Amino acid sequence: MLTFTVEKTDSAARQGTLVLPHGTVHTPCFMPVGTQGSVKTLTPAEVVETGAEIIVCNTYHLYLRPGHKRIQAAGGLSKFTGWNRPILTDSGGFQVYSLAALTRVTDEGAEFQSHVDGSRHLFTPELVVEIQEALSSDIAMCLDECPPYPVSRPAAETAAARTSLWAERCSRVREPETNLFGIVQGATYADLRESSAKSLVSLDLPGYAIGGLCLGEASDVTYDMVGRVAPLLPIDRPRYLMGAGYPEDIVAAVRLGVDMFDCVLPTRNGRTGTAFVSSGRVVIRNSRYADDLGALDPTCDCYTCRNFTRAYLRHLFVVGEALGPRLLTLHNVRFYQRLMQGIRAAIEQGVLESWSRDFLDRCRSSSDPTGEANDR
Ligand SMILES: [Zn+2]
């Protein structure tokens, strides 16, 4: 089971400790994404070295390959992957809608065709809990309906109602020791968000997530929705904003009372050559770095920044060496952990507001254009 303790607050922001079956997580936390059971390009030892205490794996992908029964027979996901620490598995709802073909959603569940081999499957709330229990996830997510943005009001209403219905069914079948989180839906409609939050809270779940945001809506809309939902969630349960990955969004959401984050941004951008640094973003292939013998981020303590120059990292990307994506991923994952450490320390000292201002000013000081504005 899960124990969550809020140790310090600074306005709505919370600094706390989340004790899970495979270990302790300090919050607010960022969870690197290991979709297929691996944080792409990194070994578990390297992920540990970045300071990450929990990762996110994906139910949809692991159910299709290698199969949850196989992972269960291998001793659960932590053992199978060599990551002997906490794992949160998402329910697969998001992938069913975004990756699979021929999705048909009814109150019974989500029927989809595998993006791997075209085989047909039905994710019911009960099956999704069963899969995550077979994986021995530290935190399991309810099946939710997350329609792609933008969402019409009727579609958002149906999805939010169905998400509540499914959460109730998930809650009914879960083993008592399963740390099941409900997911608040309602797209960008304030009243739907509020009613979704209230109906999930009535299930008295160990934690709550806010889903269906950071999908392309304007940041002020995201913050408005988070700001309305967070105060409706129980103060003694962890709150998780799904898919928020830009440092500025994380900082804003922490200030609204969110404890947990995940996103593919640090890993995916690392593989494609964009680094998050204390002064903003670096697109390492840029020719301006060809003779730059400075560190990727002079303020960073990661292996990449301690040992390599921007010129060398650019060279690795230009010639297509596998080490380039690895080194940038390592740096980015560490950057996010340092960000969270900074946030936690600022909450502890009661200075989050001024810390956030300084951080955002620094971030905006020199960024390469990345064209990633629509790539959330
Ligand atoms: Zn670094």
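Mentor: Start with V6, which sits across from G16 in β2. This is a predicted model, so local features need pLDDT of at least 70 and side-chain atom pairs pLDDT 80 or more, while totals for chains, interfaces and linings use all residues. Residues are numbered from 1 along each chain as its sequence is written, and side-chain values use heavy atoms, without hydrogens or water.

β1 and β2 (residues 13-20) run antiparallel, joined over 7 bridges; strands are DSSP E runs of at least two residues, helices H or I runs of at least four, and pairing takes at least two bridges.

Now hop over to the zinc ion, held by C300 (SG), C302 (SG), C305 (SG) and H331 (ND1) at 2.1 to 2.3 Å; donors are N, O or S atoms within 2.8 Å of the metal (3.2 Å for Na, K and Ca). The 4 donor atoms subtend 98 to 119°, which makes the arrangement tetrahedral, a label needing all angles between 85 and 135 degrees. C302 is in the loop between β16 (280-283) and α12 (303-307), and H331 in α14 (residues 323-349), so the pair ties together parts 29 residues apart in sequence. C302 and H331 are both buried, meaning under 20% relative accessible area with a 1.4 Å probe, protein chains only.

Notes
Four donors count as tetrahedral if all angles lie between 85 and 135 degrees; four count as square planar and six as octahedral if opposite donors are over 155 degrees apart and all others between 65 and 115; anything else is irregular. Buried means under 20% relative accessible area, exposed over 50%, partly exposed in between (1.4 Å probe, protein chains only).
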